[in-house]
Amino acid sequence: MDLANRVKTLTPSSTLAITAKAKALKNQGYDVIGLGAGEPDFNTPEYILEAAEEAMRNGFTKYTPAGGIAGLKQAIANKFSHDNGLTYTTDEIIVTTGAKHALYTLFQVLVNQGDEVIVPAPYWVSYPEQIKLAEGKPVIINAEEKNEFKITPAQLEAAITPKTKAVIINSPNNPTGMMYSQQELQQLGEICLKHQVLIVSDEIYEKLIYTNDKHVSIAEISSQLKNNTIIINGVSKSHAMTGWRIGYAAGSAEIIKPMTNLASHSTSNPTSIAQFAALAAYNADEDPNAEMRAIFSERLELLYDLLKDIPGISCVKPKGAFYMFPNVHEAVRQNGFDTVDNWVKALLEEEKVALVPGTGFGAPENVRLSYAVSTDSLKEAAKRIKRFVLTHQ
Ligand code: PLP
């Protein structure tokens, strides 16, 4: 079958691939510890489940407006106002089938053949693929580990060409867990304004921060930056709602309107029931993240200490999200492997611990471990990784 060129080089998401492999081994009866997952290991809060059930019973099981129900868009606008000091009207917001589809739709709307989008590495695996699917060119800049995996203004400016359409800023970051400060964002933002490069600010991990650092949206720094930014966010990570598939984008109506038109021909609308669930999530008084944050924070400390104790592994301490992104280059070399990918493969085969190689994130010396698992699993995983490293020395 002669398939379309656009899918010929498309590879499945490496995070989903490792999770699938770990599941397959589990089904064969092996005691596998999967640290590949990109989702909180908590249940969606009860009040959200109840709202979804009520929506279903009340007949909200039909098509909705393509860009989301008015009530949810308003609740998202309220969230921006309350959490980020940002004012958006409802025609500056689109609700999508997860943040992933907000990004996909955005690149389809924004990018012409050959247009460049700057992607700082380490990056979330889907950015480059989505840009390529829009016939654009991902331009990767390497955020160095010694700079806490953050790009510098000079690096950004050097990567800009007349073809640059946009740059992606993801803070807190998947896979590194690092965050940009307000000052750093301001410096990057000034360069974007100077060269008229749109900022795509992926803030999906906004609520999962474990230090005293405050999340800053680049859009809240100035009205010029707000006008030059599309924010991407959603309830997947903040409310343990990955399966419900509700995300959103906010920015100029000039971009949101064609995104909505495109959605009307691709998804029709995000699932009606899930929209009512997200509405309940945003209308709740309580802080749904407090407990989750406290538990993630404890696990972060635990895993960080456990990893420090393994020869050949070093780690920049993350501030947010629920991933650790250690550099294992030295361990891989000492253990006699040629690549991180092969080291990860052998670790899964021999010790039944599933990590995600950094290759898919544009960082071939690192691995990503998710600490969205119990502390017992983390302790056991670290024990097995250490045993693996020592056995192969
Ligand atoms: N952006 C980043 C950085 C992510 O890590 C993820 C999910 O892993 C997404 C976006 C997509 O989230 P959603 O489940 O809302 O599609």
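The protein contains 15 helices and 12 strands. The model is predicted. Its C-alpha atoms fill a box of roughly 60 × 55 × 55 Å along the principal axes. Of the 393 residues, 50% count as buried. Contacts between residues at least 6 apart in sequence were also examined: 72% of them join residues at least 24 apart.

The UniProt record, an unreviewed entry, places the feature "domain: Aminotransferase class I/classII large" at residues 31–385. In the model, this span is 42% helix and 14% strand. The C-alpha atoms at the ends of residues 31–385 lie 14 Å apart.

The surroundings of the ligand were examined next. The ligand is surrounded by 13 residues. Gly98, Ala99, Lys100, Asn174 and Ser236 are the closest. Helix α5, which covers residues 98–110, gives the most to this shell, with three residues. By class, eight residues of the shell are polar, three are nonpolar and two are charged.

In general, strands of a sheet pair through backbone hydrogen bonds, in either a parallel or an antiparallel sense.

Strand β12 spans residues 367–370 and pairs with β9 over two bridges. The two strands run in the antiparallel sense. Tyrosine 323 has serine 370 of β12 as its bridge partner. Two bridges also join β11 to β12, again with antiparallel strands. Here proline 357 stands opposite valine 367 of β12.

Side chains in a regular strand alternate between the two faces of the sheet. Strand β12 is covered on both faces. Val367 and Leu369 are buried on one side. Arg368 and Ser370 are buried on the other. Two of these residues also figure in the pairing: Val367 lies opposite proline 357, and Ser370 is the bridge partner of tyrosine 323.

Terms used. Residues are numbered from 1 along each chain as its sequence is written. This is a predicted model: local features need pLDDT of at least 70, side-chain atom pairs count only at pLDDT 80 or more; totals for chains, interfaces and linings use all residues. Two strands pair if DSSP finds at least two bridges between them. Helices (H or I, at least four residues) and strands (E, at least two) are DSSP runs, numbered from the N terminus. A residue is near a molecule or strand if its C-beta atom, placed from the backbone, lies within 6 Å of it. Ala, Val, Leu, Ile, Met, Phe, Trp, Tyr, Cys and Pro count as nonpolar, Asp, Glu, Lys and Arg as charged, and the others, Gly among them, as polar. A residue is buried if 20 or more other C-beta atoms lie within 10 Å of its own, exposed if 12 or fewer, and partly exposed in between; C-beta atoms are placed from the backbone. Two residues are in contact if their C-beta atoms, placed from the backbone, lie within 7 Å. UniProt positions are given in the numbering used here, feature names are shortened, and annotations may be inferred rather than shown by experiment.
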